[in-house]
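Trainee: Hello! I would like to learn how to read a structure that is new to me. Could you take me through some features?

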Amino acid sequence: MATQNAEDVDIIEARPRKRIRNSTKRKRASSPTHPPRVPILFAPFRALGLITNHIPFYMQTRSYKDATEGPRIHILTCLGRSWALWEGGKMGLLFVGPEVQDPISCLVMDGDAVWAASGVHVIKYLRGKEVSRVSNPLQTPLAFVILFGSQLLALTEDGRRMLIWEVSTNEQALSTTIQFDIGFTATSILHPATYLNKVLVASSEGDMQLWNIRTQTCIHKFSSSRLRTLPSQQHMNSLSSPITALTQSPAIDVVGVGFMSGEISVYDVRADERLMRMYMDNGGIKALSFRSDGHPILASASSSGHIALWDLDSGGRLLHLIRGAHDGAVSALEWVPGQPVLISSGEDNSVKQWLYESPTAVPRLLKFRSGHHAPPHLIRFYGEDGKQLLSASADRTLRYISVVRDSRSYEMSQGSLARKATILSKPLASLKFPPITSISCSSTRSKDWDDVLTAHADEMCVRSWTVLNKRVGKHTFNSAESSKKKSPSGVVKCVCVTACGNFGLAGSSTGEIHMWNMQSGLKRKSFRVGPCPQAVIERLELSSMTKPKASERGITGLASDALNRVVIATTSDGTVNFFDFQACTLDQVMVLPTSASSIMLQRDSGLLAVICDDMVVRIIDIETRRIVRELACGVQGRILDIAFSSDSRWIVVTSLDSVIRTFDIPTGQLINAFRTPSVATSIAFSPTNDFLATTHVDSVGIFLWANRSQYSEVAFRAISEDNIAEVTLPSMQGSEEDEALEALEALGVEDKPTDVFSTPSQLDGDLVTLTLLPRARWQTLLNLEVIQQRNKPKEPPKKPEHAPFFLPTLPGVEHRFAIEEKKQETPEKHTRRLDKMVANSQSTLQKLLVESDKNSGSDDALFNYIKSLSPAAIDLELRSLVSFNSLRQFLRAIKRRLQSHLDFEAVQALQNVVLRIHADVIIENEDLRTELEELLKVQKKESGRVLDLLASSLGTLGFVRDIQ
């Protein structure tokens with residue numbers, strides 16, 4: 001267990017978080033375990049689309065002096081293992097808490113502090129940082145917490161004990177433990193208003209108890225028979241029903257009690273008498289809330305997603321019923337104090353605010369934040385800037401997700417479904433389109449007409465959408481109407497929008513491909529795959545009698561190139577069909593070893609990736625129409641989705657074994673792989689190469705992974721299937737956090753791999769090696785005199801005409817400047833001693849020449865020094881070689897460097913400059929002339945060898961060009 005905790009800490013350290021707790025760093029330093037492997041290429045960045053879950057939210061209102069906008073509302077929601085704090089005015093995100101090990105079961109707030117129950121701990125946070133925690137000494141999970149003055153009350157998950165901590169002191173030790181009787185399983189706690197040291201405890205058996213937590217005594221017990229039924233109706237509803245909601249009313253001594261059976265009781269706890277009884281159909285009561293602005297109205301929510309309003313002045317008469325307020329069970333309800341606004345949250349991952357303009361008016365939706373309430377299964381990036389995503393989910397919705405700011409995300413409208421649901425008395429979800437199975441988009445003409453095309457499960461039609469207007473488009477393309485009357489009609493399996501945005505294509509299960517104009521909605525062309533090839537029949541070992549017909553060859557993938565020349569379609573029997581876009585003729589059929597499930601085309605590079613059922617991704621070049629790479633993705637699970645990088649260098653693959661693999665296409669090697677806690681159903685790579693987006697089977701969020709190579713140097717190398725890192729999913733970060741670049745400072749890879757290949761100074765002794773410096777360096781050295789003459793100033797600088805305003809002035813009536821008299825500069829006297837010292841001093845180049853001549857073979861230090869100088873500094877050093885000995889040593893060093901085949905272009909430039917400066921001295925001296933003749937022999941030999949190598953390479957290149 002300790003090893004698991006250490007791994008979790010290290011994974012959190014690798015995330016690009018804004019702040020890291022000091023306690024986490026200390027744990028990591030003292031941990032004896034080795035850090036786990038982290039993925040080299042991708043780092044967890046953040047999660048999108050997470051609003052809330054089934055845990056009730058907590059609302060806090062704050063009033064300020066001289067405030068004109070009313071109280072400020074804060075809403076605290078649970079995100080699973082973390083929490084989020086929202087500002088109720090604009091539903092903006094304020095803070096996101098750090099992740100904890102166990103899921104959060106309850107949340108409360110006390111001023112700026114947030115208390116979260118997670119497992120056996122209750123953790124206190126201040127501004128998103130953990131400051132303290134209390135733990136259950138019995139080591140049983142905690143299910144419910146409430147703040148009661150300076151005390152913290154908590155119920156264990158089994159409902160048998162209530163724990164009380166004194167949290168006002170620094171020690172925060174457990175002060176009291178109350179154990180309930182057998183047959184009483186506590187579920188929630190409520191403090192009745194004005195009751196000192198007393199709390200109401202509700203149970204799953206339908207009973208309630210009033211406890212004094214100071215004396216630890218049970219004052220009174222409320223039986224379920226009195227809570228649920230009147231004395232004259234004791235024979236009805238005799239079966240116990242758990243209490244699922246308990247809330248305080250504005251009236252003292254009166255509380256609201258909701259039961260799993262759908263019954264609601266307004267109960268007087270002092271008189272032990274039930275005042276009213278209401279009943280909601282279609283599910284149990286999940287939440288209750290009394291309105292506090294003077295209108296006696298009770299709001300109740302059911303597990304079926306309905307919200308009901310009850311008029312308490314009329315004996316509990318039903319005022320309004322909002323059917324389908326949430327697409328799942330409502331988890332919490334709260335009236336804003338003093339305002340006609342009701343806040344509700346549900347298990348559909350949404351928080352909504354409802355405005356009641358009058359007691360009799362129908363409530364309307366004021367504000368909301370929502371996301372997918374079923375795990376998304378298909379995502380694609382929209383546009384070329386990488387800031388938008390399109391996601392489809394099993395909840396029958398298509399959502400636009402903003403990567404930059406969560407408040408810009410929205411659900412694409414499917415029309416006035418709420419009005420239709422009211423007229424037809426049907427659930428709103430049943431009127432939505434079927435789940436989307438394929439998405440294609442092109443933003444080229446997004447401002448002119450529809451730009452998104454979708455195919456839906458078990459439907460023969462294709463729908464267009466417009467992102468600009470945030471709704472479904474004008475056209476619904478029916479493939480059944482486009483096909484021939486005698487031919488069978490099949491469901492649409494895949495769609496494609498051309499790069500120009502003018503045409504949309506759809507492939508059906510009967511082997512037909514239809515093309516429509518996106519602007520007018522008219523059908524333009526049709527393509528057919530034709531009969532099954534003989535190679536497929538031999539592979540499947542089918543007889544001539546069972547040969548599949550053309551209508552039985554379903555289309556599994558569809559794509560078009562960037563210039564609208566080729567339409568590519570794959571079939572379920574394992575063929576890749578290339579059609580001419582203009583003539584609609586079948587040009588070529590490529591038979592694959594196995595059947596193909598889907599394809600993806602990188603239009604810029606012309607690479608087509610085909611997902612095959614043998615767990616291999618085959619990459620086809622659509623120009624040569626050949627398979628150029630075959631990438632094996634393990635042996636444990638089929639491939640679900642693929643994504644290309646924008647530069648076509650990488651391809652990312654997700655499969656059923658929960659591993660996300662990244663392949664380097666030029667080398668065909670696996671360079672990165674990591675395993676997630678759950679299977680990634682769909683992936684998408686940002687067009688700007690910044691992020692990788694993933695969706696998973698057990699989460700309603702969309703998770704972003706930052707590309708490390710965009711922000712730091714990453715060394716890639718081939719890895720094996722055994723070298724797979726275990727990582728956790730990214731957590732959610734708020735929109736008020738620091739900028740992304742500041743957060744990405746932690747993305748650098750700390751540990752550099754030890755086996756990274758480094759380029760040696762010389763690959764082979766027989767090869768000519770250059771300095772790898774810019775060619776302009778040596779060109780400048782050769783033409784330095786010309787450059788200096790050209791840059792010489794034309795005239796000397798002129799004196800300023802007017803004196804500046806800050807010159808000092810002399811005191812007096814007249815305005816006079818205090819001009820200092822220039823002191824005559826006395827020329828420095830040159831002494832013989834200084835002249836001797838200058839003559840005997842040596843430059844750095846001359847010292848290195850002496851050392852290299854003594855070693856007679858090691859010239860690396862000399863030439864490294866020369867390469868570090870600027871062209872002007874090199875020229876100055878070469879002009880300082882005035883002695884015969886220095887020139888002799890320099891010529892020998894040049895000769896040795898030529899023979900070592902290193903720094904070839906530098907040696908040529910240095911020869912040119914030295915001979916141009918010191919040619920007369922070298923010719924007059926016999927010893928120097930002998931050294932120059934030896935250098936000439938070596939120069940001719942090396943130059944001839946280089947020319948021979950160039951001629952050989954040119955001949956080989958010409959031969960290869962002629963063959964192609």
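Mentor: Let us begin with surface: accessible areas come from the Shrake-Rupley method with a 1.4 Å probe. Keep in mind that this is a predicted model. For this chain, the accessible surface comes to about 49,200 Å², and carbon and sulfur atoms hold 51% of that area.

Trainee: How many helices and strands are in the chain?

Mentor: The chain has 16 helices and 57 strands. Of its 964 residues, 48% count as buried.

Trainee: Now a helix, please. How far apart are the end C-alpha atoms of H16?

Mentor: They are 56 Å apart. Helix H16 covers residues 926-963, and at 1.5 Å a residue its 38 residues should span 56 Å, so the two values agree.

Trainee: Which residues of H16 are buried?

Mentor: First, the general idea: an α-helix has 3.6 residues a turn, so residues three or four places apart point the same way. In H16, the buried residues include Leu928, Glu931, Leu935, Val938, Gln939, Glu942 and Val946. Among the elements that cover the buried residues of H16 are helix H14 (884-899) and helix H15 (904-924).

Trainee: And loops? Is His306 buried or exposed?

Mentor: A residue is called buried when its relative accessible area is under 20%. His306 has 11%, so it is buried. You will find His306 in the loop between strand S23 (297-302) and strand S24 (307-311). Its side chain reaches the backbone nitrogen of Gly324 at 3.0 Å. Beyond its sequence neighbours up to four places away, His306 touches residues including Met280, Leu321 and Val330.

Trainee: Which residues does Ser223 contact, leaving aside neighbours within four places in sequence?

Mentor: Those are Gly206 and Asp207. Ser223 sits in the loop between strand S17 (217-222) and helix H3 (224-228), and at 30% relative accessibility it counts as partly exposed. The side chain of Ser223 also makes a polar contact of 3.2 Å with the side chain of Ser225.

Terms used: Residues are numbered from 1 along each chain as its sequence is written. This is a predicted model: local features need pLDDT of at least 70, side-chain atom pairs count only at pLDDT 80 or more; totals for chains, interfaces and linings use all residues. Side-chain values use heavy atoms; hydrogens and water are left out. Helices (H or I, at least four residues) and strands (E, at least two) are DSSP runs, numbered from the N terminus. Buried means under 20% relative accessible area, exposed over 50%, partly exposed in between (1.4 Å probe, protein chains only). The expected span of a helix is 1.5 Å times one less than its number of residues. Contact means heavy atoms within 4.5 Å. A polar contact is a pair of N or O atoms within 3.5 Å; within protein, one must be able to donate a hydrogen and the other to accept it, and residues adjacent in sequence count only if both atoms are side-chain atoms.
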